[in-house]
Amino acid sequence: MDDFNKESDFEAALITALQRYGWEKDVLKNPTEQDLLQNWANILFENNRDIDRLGDYPLIQEEMEDLLEQIRRLRTPLKLDGFINGKTVSITRKNPDDTLHYGKEVSLKIYDRMEIAAGQSRYQIVQQPRFVRREKVLQDRRGDLMLLINGMPVFHIELKKSSVPVIEAANQIEKYAHEGLFSGIFSLVQIFVAMNPKEALYFANPGPDGKFNPDFYFHWADLNNDPVNDWKVVAERLLSIPMAHQLVGFYTVADDSDGVLKVMRSYQYYASNKISDRVSKNDWHEGNQRGGYIWHTTGSGKTMTSFKSAQLIANSKDADKVIFLMDRIELGTQSLKEYRAFADNVDDVQETEDTITLISKLKSIDPKDTLIVSSIQKMSNIKEDAASKMRSKDLELMKSKRLVFIIDECHRSTFGEMLATIKATFPNALFFGFTGTPVFNENEQAMTTTADIFGDELHRYSIADGIRDKNVLGFDPTMVMVYKDKDLREKVALQESGAYSIEEALEDPTMSKTYYRFMSSAQVPMAGKREEDGSYVRGIEDYVEQEAWQTDEYQWAVVDDIAENWRTLSRNHQFHGIFATSSIPEAVRYYLKFRKRYPQLKVTGLFDPTIDNKGGYALEKEDGLKAMLEDYNAIFEQNFDIGGYAKFKKDVSARLAHKTPYKWVKPEKQLDLLIVVNQMLTGFDSKWINVLYLDKMLVYQNLIQAFSRTNRLFNINEKPFGSIRYYRMPHTMKRNIEEAVQLYSGDRPQGLFADHLPDNVRHMNATFAEMKTIFKSAGVPDMDTLPEDTPSKAKFAKLFREFSTYLQAARIQGFTWNKREYSSLIDVEDTSEEEMIQLLPTEDDYLILNQRYKELRTGGAGPGGNPPDDGGEITFPIDPYLTEQNTGVIDNDYMNSRFEKWRKQLLDPDADPATVEETLTDLHKSFAFLTQEEQKYANIFLHDVQTGDVKIVDGKTFRDYIFEYIE
């Protein structure tokens with residue numbers, strides 16, 4: 001891998017590489033916006049010389065100004081994606097020489113996503129484009145590179161030399177955007193690329209109102225999901241033609257639901273291509289229905305991938321219809337919204353209210369009816385409905401079409417008769433499945449695996465890949481012991497021996513033999529296990545009667561655990577939780593317990609609202625539904641009833657996901673906890689869910705699906721992982737978790753689970769010790785200023801970021817600064833020898849180090865100060881979150897008490913000078929909490945106190961004086 005000590009050398013090398021991969025040899029150097037507008041005008045003229053467009057009359061400045069005005073009105077990359085990919089744009093002719101069209105509207109071809117490296121497509125490189133400042137007090141800027149397709153700047157690239165982290169290039173892009181430089185023709189930029197020779201990031205332009213989020217800065221990867229970072233390979237695989245053209249034309253998605261432009265990750269690209277390639281090569285008369293399946297982990301954007309696959313197929317015209325099949329009607333509604341949000345036009349994705357509509361859409365030859373969303377239930381009835389309504393000719397017409405079915409979450413009930421019916425109805429159709437949790441031999445349903453139904457695995461992106469790439473979060477599962485193991489073991493030993501008491505069991509030889517066997521963890525473990533021959537050996541928890549997990553005592557313990565840990569786990573009500581229970585009656589009982597003991601928590605429940613007349617729990621269920629709806633209506637000022645339960649579910653979903661109308665929901669209108677039985681444990685996405693509580697047994701795909709409700713990305717400092725707390729049969733659940741992880745991580749479970757609290761405390765100790773060593777070596781043992789040399793600053797920056805990550809994780813796991821020692825044991829199954837881990841840093845140490853970290857941006861000068869002149873370029877990454885966060889009130893009382901003590905000693909003629917000096921030293925140590933600028937004025941103030949040049953006023957704090965001096 002090449003090293004470049006000069007950014008200009010790297011820039012020149014990249015230009016040469018791009019020219020090798022399809023970009024034009026003539027480079028546009030140092031152009032202004034006006035130069036680029038003229039270049040665009042020239043290309044538009046060359047590409048629109050037809051008599052009914054521009055003829056022989058070039059575009060004049062007023063006409064280009066009209067185009068610019070259209071761009072300004074659209075403003076955001078979301079809307080401008082439609083402008084770029086709309087093929088044509090209309091203007092009113094203002095060139096007086098064009099007498100044929102003067103004053104009339106003409107349509108201009110601007111870009112064709114299908115015209116790749118062919119036809120009229122032009123691919124130009126811009127070197128060092130000039131940005132004019134948007135505000136008088138700011139500076140003019142120069143970018144590094146822009147890539148133009150047909151004259152439009154669709155890529156902007158910022159480069160850094162070998163020694164500078166790539167994140168600094170991304171930060172520079174963010175700074176330019178903040179200064180408003182990506183406006184006018186530059187607002188057409190769709191994709192940003194940040195590069196140094198050893199790493200590259202690409203991400204969609206968030207636009208003038210958007211937020212730059214490093215969680216959505218992506219590395220390109222190869223087909224096996226291994227990241228590609230060498231700049232030459234990035235130039236060849238990501239920025240080359242045709243790839244760059246395709247990325248803008250096919251692999252960006254204007255997502256109306258989130259209001260942002262999105263760019264696909266590499267694994268989404270490979271999966272979409274695999275499907276479209278399979279369709280293009282299909283023999284439609286062969287009757288092979290198994291197209292294949294995509295294994296992409298839950299939370300990795302499968303819906304977008306499936307939509308793009310369908311769009312590619314539709315654009316290529318390799319199939320007549322693409323039908324998205326959903327397992328549940330309500331999921332069909334959710335996915336319909338998502339697909340329509342992704343589509344160029346809302347009408348591009350057709351919904352099917354009933355089978356009559358479905359039949360008409362399938363028969364239709366209108367291109368708008370190519371993409372269809374339907375439920376598997378509706379599609380499975382189509383043959384029967386067609387026959388009953390005398391539409392057999394319609395059925396034959398539908399069968400004759402080239403149909404592609406894409407089935408999302410295909411691990412679900414598609415294994416029933418409905419899919420078999422659909423396959424029988426359309427014998428020549430091609431079926432593809434998408435799932436984050438395929439069914440294998442280990443967890444097969446009805447003797448059938450995902451491969452049996454859909455064919456070969458076309459592409460894999462496992463949960464281990466997702467966590468490694470930081471596209472989804474890892475998990476922090478915690479077993480909560482409501483019952484002590486010893487008590488359960490004793491209960492089972494007595495139960496199985498037939499004895500009523502320990503005394504009776506020990507006195508009877510037969511009973512005692514059984515009793516001792518069950519009391520031995522070596523002979524009967526807490527969790528059962530499956531032997532190699534397939535037989536199952538029961539564990540203690542398998543012998544415990546189900547009633548033990550349903551008592552009021554047990555349920556109150558669960559409710560208390562959830563409520564007592566709520567503020568910590570939810571980060572003071574910022575996030576929401578899901579509580580999965582084993583049955584509807586249990587869900588209702590839990591709800592009533594929360595309402596009785598913890599009314600301050602905003603809790604509701606979701607489950608099948610159907611009420612039958614078979615007795616049993618029907619009345620209890622109805623009363624529970626009634627209570628939940630009445631409380632929800634009262635808390636959130638709604639008016640739902642059992643008849644409109646579907647609307648209630650949509651409202652709950654939107655509230656938990658912070659979707660319209662709850663995008664900016666206030667804390668008092670947030671739902672804290674949702675109690676469910678089965679609903680919302682698959683297919684529901686919300687980055688605001690960070691904890692799952694389980695009083696329910698889950699295995700394999702259902703376990704991973706449920707866990708994955710918590711693993712959507714948020715700011716890593718606030719949501720470092722998804723938390724899981726499980727109560728019922730905890731040892732058995734721990735075994736289930738290990739088996740599911742082994743199956744779905746591709747035997748690469750590293751990183752799936754977050755470090756436990758003892759590990760995070762050890763990490764904090766180690767990084768703190770290293771930071772202390774850095775300051776001590778730099779001659780700053782009190783850590784009251786930054787080291788002067790850049791290598792020490794860089795090392796400190798890296799270590800403090802790591803320390804903060806460990807601290808945030810530990811806080812969620814129960815860490816507090818007041819507790820100074822922690823047990824090394826993880827849970828009751830941890831058989832290692834216990835050691836007590838002493839916490840080395842204090843909260844004061846952390847606050848001081850955080851203050852030093854904030855000063856890194858200014859080179860140690862502090863806010864308002866001047867950084868040292870060392871070339872001006874920061875050669876190490878700085879996390880903006882850590883520099884902006886408020887760490888709480890600095891210990892003013894401590895500082896003030898030291899100041900008052902010192903002042904009184906100064907006024908006391910009998911005070912021991914050594915004691916006065918010692919108090920002053922203590923006061924100086926507290927200055928480490930202050931910025932460098934504040935420290936400077938604090939010292940001036942103290943000098944004035946000593947010389948009597950300042951008047952001390954009762955009630956003023958030490959910091960009040962400092963701020964007065966600064967002002």
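How many helices and strands are there in the protein? The protein holds 36 helices and 29 strands, where helices (H or I, at least four residues) and strands (E, at least two) are DSSP runs numbered from the N terminus. The model is a predicted one, in which local features need pLDDT of at least 70 and side-chain atom pairs count only at pLDDT 80 or more, while totals for chains, interfaces and linings use all residues. Residues are numbered from 1 along each chain as its sequence is written, and side-chain values use heavy atoms, with hydrogens and water left out.

For 967 residues, a compact globule would have a radius of gyration near 30 Å, and the 33 Å of the protein agrees with this; the radius is taken over C-alpha atoms, and the globule rule is 2.2 Å times the number of residues to the power 0.38. The C-alpha trace spans about 100 × 90 × 55 Å along its principal axes. Of the 967 residues, 55% count as buried, that is, they have under 20% relative accessible area with a 1.4 Å probe and protein chains only. Among contacts (heavy atoms within 4.5 Å) between residues at least 6 apart in sequence, 72% join residues at least 24 apart.

When neighbours within four places in sequence are left aside, the residues in contact with Phe426 include Leu362, Met379 and Phe405, together with Gln289 and Lys399.

Helix H29 (residues 757-777) has 21 residues and should span 30 Å at 1.5 Å a residue, in agreement with the 30 Å between its end C-alpha atoms; the expected span is 1.5 Å times one less than the number of residues. The buried residues of H29 include Leu757, Val761, Met764, Phe768, Met771 and Phe775, and their cover includes helix H30 (790-812), strand S28 (821-823), strand S29 (836-838) and helix H31 (843-854). Just after H29, Gly779 takes a positive phi of about 80 degrees.

Lys160 lies in the loop between strand S8 (152-159) and helix H5 (166-178). Lys160 is buried, with a relative accessible area of 6%, and its side chain is joined to that of Gln172 by a polar contact of 2.4 Å, a polar contact being a pair of N or O atoms within 3.5 Å of which, within protein, one must be able to donate a hydrogen and the other to accept it, with residues adjacent in sequence counted only if both atoms are side-chain atoms.

Methods. Buried means under 20% relative accessible area, exposed over 50%, partly exposed in between (1.4 Å probe, protein chains only).
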